[in-house]
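Hi,

Here is the structure I promised to send over. Have a look at it first, and then read my notes below.

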Amino acid sequence: MLGEFEYVLMTSAAGLGESAYGAAIREEIEKVAGRRCSIGALYTTIERLEKKGMLKTWMGEATAQRGGRAKRMVRVTPKGMHAAKEFYEAMMRVSRNASWAKGKPERAS
Amino acid sequence: MSSLAEMATIFLAPKDRDAVLGDPAEKGASGWSALGSVLGLVVRQQMELWRAWQPWVAVSVAFAGSVLLLGVSFGLSMDSRHLLRGERGYGSVLCEALLMLSWAWTNGFVVGSLSGNARWVSGILCAIPCFSCVLRFQDTSLSRLCVLMFLLPGVIGAVQGVRRARLSYRTALTLAIAMTALMLVWGGRYIQNWFLLMPAWWLVAHAERSELSNGRWRHEDAK
């Protein structure tokens, strides 16, 4: 099963589609998930997911904005999509009775 | 500072260098921030690497194998001298030389195939006993470099291990049986040298496991 950060990364990459690359994914994670994402955490997770066959990466074009350096483009593979769907469904199942999932006020403990 | 960040990328794989330097540049981050990003990635990659068991086995074999093979190389040099003086037979020295070559090669092969990106650590751990032994060598009748005889077959084995990762089951089994038989014939002069056989038998187990899993895949594909 995927880890939480792996799922967040794959979902961001899938959402960005053809324009998914390191900096864009990082920005998406920080914007949507509201958490800081270091370049180290991002690329080690991309590497791990690529080894598991859940992501495919390749070097994209170099732009002047990047100081002439190439982007590392990312695409979620069918295996990755399947794993992400499984993770999502498991989270939905496990959350079904939780107050925050139903939109009910939390009970005080 | 950005040049420092660029220098720090030597620890990264070529495909990571452009990505990790280009991302901060795109966001207009400072040189310090780029340096921090590169070093952060280097540290995380190393931590990720050492979470697996393979590099641990590789560095242990590199260090222990190096220590034992230094002794074997020295013993072989001494016996070769005795052979020239007529104090030893050809058969026993040839047996010893063949064992030294096969031990060094199989140890190198296992280190090369299991080290992955920890190759530099395995190299350092192999080099430390070598330097220490060469510097403290006191026998004036022999060249101090004689203790390093195992290095050439060891390095050849390591390079082949990096390229091929495993032997075929038949090759590995033949090699392991030949080495064990040779040790039995030779008498296994030092009991600790039996440790040097472990990589050869590990190669057999690894080759058998790989062939079994390949067979299973082929069987499932055929279904």
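This is a predicted model: local features need pLDDT of at least 70, side-chain atom pairs count only at pLDDT 80 or more; totals for chains, interfaces and linings use all residues.

Starting from the N terminus, the elements of chain A come in the order α-α-α-β-β-α-α. That makes five helices and two strands for this chain. Along the principal axes, the C-alpha atoms of chain A fill a box of roughly 55 × 25 × 20 Å.

**The two strands of chain A**

Strand E1(A), residues 55-63, runs antiparallel to E2(A), and seven bridges join the pair. Together E1(A) and E2(A) make a hairpin, with five residues between them. In the turn you will find Gly67(A), with a positive phi of about 70°.

**Two helices of chain A**

Next, have a look at H2(A) and H3(A). Their axes come within 11 Å and cross at roughly 115°, so the two helices are roughly perpendicular to each other. The crossing of H2(A) and H3(A) is right-handed. Which residues make the contact between H2(A) and H3(A)? From H2(A) they are Gly22(A), Ile25(A) and Arg26(A), and from H3(A) they are Ile39(A), Leu42(A) and Tyr43(A). Sorted by class, this contact of H2(A) with H3(A) has four nonpolar residues, one polar and one charged.

**Where the chains meet**

On to the interface: 17 residues of chain A are in contact with 18 residues of chain B. Three elements of chain A each supply at least two residues to the side that touches chain B, namely helix H2 (22-33), helix H3 (39-51) and strand E2 (69-76). Which of the elements gives the most to that side of chain A? H3(A) does, with six residues. If you sort the side of chain A that touches chain B by class, there are six nonpolar, six polar and five charged residues.

**Helices of chain B**

In chain B, start with helix H4(B), residues 54-84. This helix has 31 residues and reaches 43 Å from its first C-alpha to its last, close to the 45 Å expected at 1.5 Å a residue. After H4(B) comes Gly86(B), and its phi is positive, near 80°.

Then there is the pair H5(B), residues 90-115, and H7(B), residues 151-164. These two pack at an angle of about 35°, with their axes 6 Å apart, and H5(B) passes H7(B) in a right-handed crossing. Among the residues in this contact are Ala104(B), Gly108(B), Val111(B) and Gly112(B) of H5(B), and Gly154(B), Gly157(B), Ala158(B) and Gly161(B) of H7(B). How many charged residues does the contact of H5(B) with H7(B) have? It has no charged residues, with 12 nonpolar and nine polar ones.

Cheers

How values were computed: Residues are numbered from 1 along each chain as its sequence is written. Chains are lettered from A and ligands numbered from 1 in the order in which they are written. Two residues are in contact if their C-beta atoms, placed from the backbone, lie within 7 Å. Helices (H or I, at least four residues) and strands (E, at least two) are DSSP runs, numbered from the N terminus. Ala, Val, Leu, Ile, Met, Phe, Trp, Tyr, Cys and Pro count as nonpolar, Asp, Glu, Lys and Arg as charged, and the others, Gly among them, as polar. The expected span of a helix is 1.5 Å times one less than its number of residues. Axes are lines fitted to C-alpha atoms, for helices over the stretch in contact, and angles run from 0 to 180 degrees between N-to-C directions. Angles under 35 degrees count as roughly parallel, over 145 as roughly antiparallel, 65 to 115 as roughly perpendicular and the rest as oblique. A crossing is left-handed if the near helix is turned anticlockwise from the far one by less than a right angle, and right-handed if clockwise. Two strands pair if DSSP finds at least two bridges between them.
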